[in-house]
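Open the model in your viewer and keep the selection panel at hand.

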Amino acid sequence: MKSMKKKRGSISPPFLIAGSFLFLIFVGTLLLKLPMATTSPISWVDALFTATSGTTVTGLSVFDPGTMLTAFGEGVLLVLIQFGGIGLMTFGTALLLLFRKKIGLQNRMYLQESFSQHSVGGIIRLVKIILSFVFIVEALGIIILTLYWLPAYGIKEALHLSVFHVISAFNNAGFALFSDNLMSFAGDPFVTLLLSSLFILGGLGFTVIMDIYQKKSFRQWSLHTKLMVTGTILLNFLATLTVFILESSNPKTIGNFSLWDKLTASYFTGVTPRTAGFNVLDYGVMEDPTLLFTMVLMFIGAGTASTASGIKLSTFIVVVLASIAFLQTRKEPDIFGRSIRSEVIIRSLAVTTISMLVVLLFMFLLMIFEPLPFLPLAFEVVSAFGTVGLSMGITADLSNIGEVLISMLMFIGRIGPLTLFLILLKPKKENYRFPYDQVYTG
């Protein structure tokens, strides 16, 4: 009887995931509304929007963080970014381990869901490796960037800027303390390559990083790791090439740059939509094809169990492979000598379909409430869903209703639309099956 009650009263992992993010957003909103957090008072809606953007590691902002936030406000935002990127319960588990407390099954199940693992076995070891990896990478990034910025800013300001931008980059947040984000560093290969390396690492996914660490050769990697690594390299190359070709003749972006600066800016602009949110170019003056291509990249996103969002690169690859298999009249898609199960294909199709419907719904709602052009609004919606943070410059022009809608979308994008629907819809157990009948499609 006791076990029945305990089982009935337990909280599902998807609900815990959503609840932990909502808790962070609530606390962050209260802290950012304090007078000591900003240089001038902000509204509750602005505080909510900023806290949501930080917690979901998006990077959209209705004000300039570098001038509006005090040292306390920046600290609050950094904590939200760090906890939001890695997960509140991951840090909670770290504290329990630090104080030698027992990790319960419920917490292990939450971590299993957070990192998309098949079982709870080895999950605590995974958490230890993740936290160690995060600490080492961020510490190295801070040291390197501080030394680079030392001559220009001095030790105190260089350290301050490095801590903020390294944490923001690794967690794919895209917040910057410079008024033009990173546009003044468009021709600085050191800063652009360092920060892009950090957000690419953060976006690969912790399970991929652990797999690479444990298995030194490509042949030993899991299929997921192979797909993520090869997919990331190919997509980043394609994105860089596309931006370079489309923007090379645009004098408002890279048209007047030297060849090297064109390549550097094209690379950074090509890789940042998945889903870092930093920008070295003004998206408000880009060519329409570049903007459309960027929206596709933002929708795809980066890796599962990473600091990034979107439908995830692995999901996109599975959908493409399944489509190719169908056209070739094969029963199952395969790659690297491995077949992909039907349940993985169905899940990928469900994630993609639901995500498209969510994006279209919020586009529709924002067009009702916001008297702004279609393309900037559509760009903002996809950016919010992918928790990217790129904008064509309309974020500060949003009404209170628009800010709330974008906040909701950032939250949905971070936890994942499938997680949201698992919370709202109770899964049904099927004890029967109806007879088949023909449906004509395509």
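Contact means heavy atoms within 4.5 Å. Helices here are DSSP runs of H or I with at least four residues, numbered from the N terminus. This is a predicted model, in which local features need pLDDT of at least 70, side-chain atom pairs count only at pLDDT 80 or more, and totals for chains, interfaces and linings use all residues. Residues are numbered from 1 along each chain as its sequence is written, and side-chain values use heavy atoms, with hydrogens and water left out.

Select residues 288–300, helix α13. Its end C-alpha atoms are 19 Å apart, which agrees with the 18 Å that 13 residues should span at 1.5 Å a residue (the expected span is 1.5 Å times one less than the number of residues).

Next, color the buried residues of α13 (buried means under 20% relative accessible area, with a 1.4 Å probe and protein chains only). Among them are Leu 291, Phe 293, Met 298 and Ile 300. Show α11, α12 (259–271), α14 (313–327), α15 (342–369) and α16 (374–385), which are included in what covers them. Just after α13, click Gly 301, whose phi is positive, about 80 degrees.

Now select Ile 200, Gly 203, Leu 204, Thr 232, Asn 236, Val 271, Arg 274 and Ala 302, which line the largest cavity. A cavity is a set of points on a 1 Å grid over the protein atoms alone where a 1.4 Å probe fits but cannot get out; lining residues have an atom within 4 Å of a point. Helix α9 gives the most to this lining, with three residues.

Definitions and conventions. 1 Å grid on protein atoms, 1.4 Å probe; cavity = no way out; pocket = protein on both sides within 12 Å on 5 of 7 lines; lining within 4 Å. Helix = DSSP H or I, 4+ residues; strand = E, 2+ residues; numbered from the N terminus. Buried < 20%, exposed > 50% of the residue type's maximum accessible area, 1.4 Å probe, protein only.
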